[in-house]
Amino acid sequence: MARKTKLRRIESVSVPHHHVIERIMERLPVRSLLSFKAVSKQWKSTIESRFFQERQSKHSQQYGDPDVLMVSSTSLKTLVFGSLPSSSVKMPWGNKTYLVCQSSVDGLVCLYDSHKPGFVVNPITGWYRPLPLSRLQERMILKDGYIELGHLNFKPGFGKDEFTGTRKPVWLYNSIDIGLENATTTCEVFDFSTNSWRYVTPSAPCRILGGFPTPVFVDGSLHWFTECEETEVLSFDLHSETFKVISKAPFACDASHWEILLCNLNNRLCASQLKLSDQVIWSFNSLNKTWDKLWSICIVPTWRSFGFPTWYALSPLAIFVEEKKKKKLLFYDPAHNHTLVLHDPETKSYDVAFSDESIGYPVCYFPSLISI
């Protein structure tokens, strides 16, 4: 009798179409994507494509919390919220100290110094592009810095044209403060296509406040405080490259430049003022052009975290959302930058998120694969 052979039925497993895999990969951490480039030529091509990188960056900004980048003289350290520094990229330009623009753009940060060429850097991939000296920096070197020029420490901004996707570093400074009398202010924009700085005319119609307040990027525009009888907020549209005053500041006009600042919290323009022992934070409503008070924070308890009283307005970095949608504010003291502090507005408690001899200059960013 012939022996019957039982055949095992093998069910085929269907592999998702590549476009489905792409949508899954868009949601993965950037460090994982860097490793996945070794899986196949198709995956490598996808991950390196500009279309995929832009979509990954957009998803990261919509659904994730930012990481904190700490810029020191030797490295770029990334602090993932709630953990120790998770990565470090060494500086290829040696042991030189750079400052960092307050706003990051699509995972890119802009490093600068008044006397040295700057860099646009992707802290995760290690990609970077040097920036030549602006005309302001050339004049600073020629005039031997701030002392001879006698002006306050102006800082560049970094933002993006939301219509074309073009990233733009920008210097804006009061002309007469550096010995120029051709206009009230002078504006320089860096053009990556020509690798050069160019003037924007007409420039801002009113003087800007120098010193600690740094320009902040929100919704396609850079913003500064004005130096007028009544402090106002000046906006520079990075698409049309035009200036306009969008609002009065939400505080008295006699505030000192080290007591006030602008910041971006959850992609909203915010202003903050140190007023005696309280720091008040407002959010700008772009629809009706008014300011809504978010918090009034007593900063005396932060002295125990920082170890000393502060005379600068604390710099808010980001709002993190924890379990049960509980919000916490991350900030640091720019005058003594070696501690990051988390503030819980509900319980009014403070926790040290990270502390070191020096945390460098922190900036929040959403990791991406983008380069320019």
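Arg167 and Asp106 are both buried, where buried means under 20% relative accessible area, exposed over 50% and partly exposed in between, with a 1.4 Å probe and protein chains only. The model is predicted: local features need pLDDT of at least 70, side-chain atom pairs count only at pLDDT 80 or more, and totals for chains, interfaces and linings use all residues. Residues are numbered from 1 along each chain as its sequence is written, and side-chain values use heavy atoms, with hydrogens and water left out.

## Salt-bridge network

Arg167 has a relative accessible area of 7%. A salt bridge joins Arg167 to Asp106, with 2.6 Å between the closest N and O atoms; the term stands for a side-chain nitrogen of Lys or Arg within 4 Å of a carboxyl oxygen of Asp or Glu. Arg167 lies in strand β9 and Asp106 in the loop between β4 (99-100) and β5 (109-113), so this pair ties together parts that are 61 residues apart in sequence. Helices (H or I, at least four residues) and strands (E, at least two) are DSSP runs, numbered from the N terminus.

Arg167 also forms a salt bridge with Glu54, at 3.4 Å between the closest N and O atoms. Because Glu54 lies in helix α4 and Arg167 in strand β9 (residues 167-174), the pair links parts that are 113 residues apart in sequence. Glu54 is partly exposed, at 28% relative accessible area. A further salt bridge connects the side chains of Glu54 and Arg50 (3.4 Å, N to O). Both residues lie in helix α4, four residues apart, about one turn of the helix. Arg50 is partly exposed too, at 37% relative accessibility.

| Salt bridge | N to O distance |
|---|---|
| Arg50 and Glu54 | 3.4 Å |
| Glu54 and Arg167 | 3.4 Å |
| Arg167 and Asp106 | 2.6 Å |

Asp106 and Arg167 form a salt bridge. Through shared partners, salt bridges join Arg50, Glu54, Asp106, Lys160, Glu162 and Arg167 into one network. The structure holds 17 salt bridges.

Glu22, in helix α1 (residues 18-25), is buried but has no salt bridge. The nearest side chain of opposite charge is that of Arg55, 5.3 Å away; Lys and Arg count as positive and Asp and Glu as negative, while His and the chain ends are not counted. Setting aside neighbours within four places in sequence, Glu22 is in contact (heavy atoms within 4.5 Å) with Thr46 and Phe52.

The buried residues of α1 are His18, Ile21, Glu22 and Met25. They cover an arc of only 105° around the axis, which puts them on the same side of α1; the arc is that of the directions from the helix axis to the C-beta atoms. An α-helix has 3.6 residues a turn, so residues three or four places apart point the same way. The buried residues of α1 pack against α2 (30-36), α3 (41-48) and α4 (50-63).

In helix α5 (residues 135-142), the buried residues are Leu136, Gln137 and Met140. Their arc around the axis is only 95°, which puts them on the same side of α5.

Cys101 is found in the loop between β4 and β5 and is buried, at 2% relative accessibility. Not counting residues up to four places away in sequence, Cys101 touches Cys110, Tyr112, Pro156, Gly157, Phe158 and Val363. Cys101 and Val363 are 262 residues apart along the chain, with their C-alpha atoms separated by 7.8 Å.

Arg129 is found in strand β7 (residues 128-131). Leaving aside neighbours within four places in sequence, its contacts are Gly118, Phe119, Val120, Phe192, Asn195 and Ile372. The C-alpha atoms of Arg129 and Cys110 are 9.6 Å apart, for a separation of 19 residues along the chain.

## Second largest pocket

The second largest pocket has a volume of about 360 Å³. Of its 16 lining residues, the closest to the centre are Val218, Asp219, His223, Phe284 and Ser286. On a 1 Å grid over the protein atoms alone, a pocket is an open set of points where a 1.4 Å probe fits, with protein on both sides within 12 Å along at least five of seven lines, and lining residues have an atom within 4 Å of a point. Grid points are joined across faces, edges and corners, and a volume is the space filled by probe spheres set on the points.

β13 (221-225), β14 (232-237), β15 (242-248) and β17 (268-275) each supply at least two residues of this lining. The largest share, three residues, comes from β15.

## Whole chain

The protein chain has seven helices and 24 strands. Of its 372 residues, 49% count as buried.
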